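I opened the model and kept notes as I went. The entries follow the order in which I looked things up.

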Amino acid sequence: MKFLRFYILHRLEIIIALVIIGVLSHIYWDAVTAWLCYIFAFISLLLYFMMGTMRIVQEAVQDGDVDLAMKYMNKIKFPRLLFKPIRSGYYILQSNLSMASNDLEKAEANIRKSLKIKSKIVGDMEGSNLMQLGFIELKKGNTKQARLHLMEAVKAGIPDKESLAAAHLQLCNIEAQRMQYKIAKQHFKKAKDLKPKTEEIVSQLKSMEKQINRMPG
């Protein structure tokens, strides 16, 4: 893993070194070694532009090291050249990190960039992107837009059960505020039936259940 991290972080220097070794091999040794160096350099160049440092960015995020994740992400200079699924993940992570720092405008701009990426491979991410957009609108106080985006997200499909439960829970809360109690109860039931295990969502479900029991109809 240390070698992989070193390779990803120093890929550009490795490419230059491979080209130099290739040229020297062509001049002083044999063409086979030279062409092997050129091929490895070309593959590394493709990986540099099409994958960037996203592999180690995700590792840093999983470890909870936001500063390190940001440091690695800043090494990606040409995000538009990233392979489509990786580019979508890049913009989603950028949006998440912007939300964490409460930069809602940047968070929205990045998630909209992710939504624009059309790919069969990232098709399942449309619902997650729309859900993120809904949560951003909620933070901005735009409840009407948040409701629309969350409904679109549920319709598009959210593959992660925990996230889907969170979306239904937010819709339940929004509908309760609109005094649409029957719809609120439907969303609450859907959220509860998913049996989420995330501590925060479980706590919200328990809190919401008390309100649901007091609702008319």
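Predicted model: local features only at pLDDT ≥ 70, side-chain atom pairs only at ≥ 80, totals over all residues.

**Entry: helix 11**

I began with helix 11, residues 181–193.

Next I asked which of its residues are buried. I found Ala 184, His 187, Phe 188 and Ala 191. Looking down the axis of helix 11, I saw the buried residues fall within an arc of 100°, so they line one face of the helix. On the other side, Lys 182 and Lys 189 are exposed.

What covers that buried set? The cover includes helix 10 and helix 12, the latter at 199–214.

**Entry: the loops on either side**

I then checked backbone angles. As background, most residues other than glycine have a negative phi.

Met 179 sits in the loop between helix 10 and helix 11. Its phi is positive, near 65°, and it is not a glycine. Is Met 179 buried or exposed? Its relative accessibility is 59%, so I logged Met 179 as exposed; the cut-off for exposed is over 50%.

Lys 195 lies in the loop between helix 11 and helix 12, just after helix 11. Its phi is near 50°, again a positive value in a residue other than glycine. Lys 195 has 64% relative accessibility and therefore counts as exposed.

**Entry: Ser 163 in helix 10**

Helix 10 runs over residues 161–177, and Ser 163 is found in it. Is Ser 163 buried or exposed? Its relative accessible area is 19%, so I wrote it down as buried. The cut-off matters here, since buried means under 20%.

I set aside neighbours within four places in sequence and looked for its contacts. Ser 163 is in contact with Met 131 and Ile 158.

**Entry: helix 7**

Helix 7 covers residues 104–116.

Which residues of helix 7 are buried? I listed Leu 104, Ala 107, Glu 108, Asn 110, Ile 111, Ser 114 and Leu 115. They cover an arc of only 165° around the axis, which puts them on the same side of helix 7. Glu 105 and Lys 116, on the other side, are exposed. The buried residues pack against helix 6 and helix 8.

Not counting residues up to four places away in sequence, Ala 107 touches Ser 95, Ser 98, Met 99 and Ile 136. How far apart are Ala 107 and Ile 136? They are 29 residues apart in sequence and 7.5 Å apart in space, C-alpha to C-alpha.

**Entry: the largest pocket**

I turned to pockets. The largest holds about 370 Å³ of space. Of the 14 residues that line it, the closest to its centre are Phe 135, Ala 166, Glu 200, Ile 201 and Gln 204.

Which helices supply at least two lining residues each? They are helix 8 (125–140), helix 10 and helix 12. I sorted the lining by type and got 6 nonpolar, 4 polar and 4 charged residues.

**Entry: the second largest pocket**

The second largest pocket has a volume of about 290 Å³. It is lined by 15 residues, and those closest to its centre are Ile 92, Asn 96, Ser 128, Met 131 and Gln 132. Helix 6 (84–100) and helix 8 are the elements that give two or more residues to this lining.

How does the lining divide by type? I noted 7 nonpolar, 7 polar and 1 charged.

Terms used: Residues numbered from 1 in each chain as written. Heavy atoms only, no water. Helix = DSSP H or I, 4+ residues; strand = E, 2+ residues; numbered from the N terminus. Buried < 20%, exposed > 50% of the residue type's maximum accessible area, 1.4 Å probe, protein only. Contact = heavy atoms within 4.5 Å. Expected span 1.5 Å × (residues − 1). Arc of directions from axis to C-beta. 1 Å grid on protein atoms, 1.4 Å probe; cavity = no way out; pocket = protein on both sides within 12 Å on 5 of 7 lines; lining within 4 Å. Points joined across faces, edges and corners; volume = space filled by probe spheres on them. Nonpolar A, V, L, I, M, F, W, Y, C, P; charged D, E, K, R; others polar.
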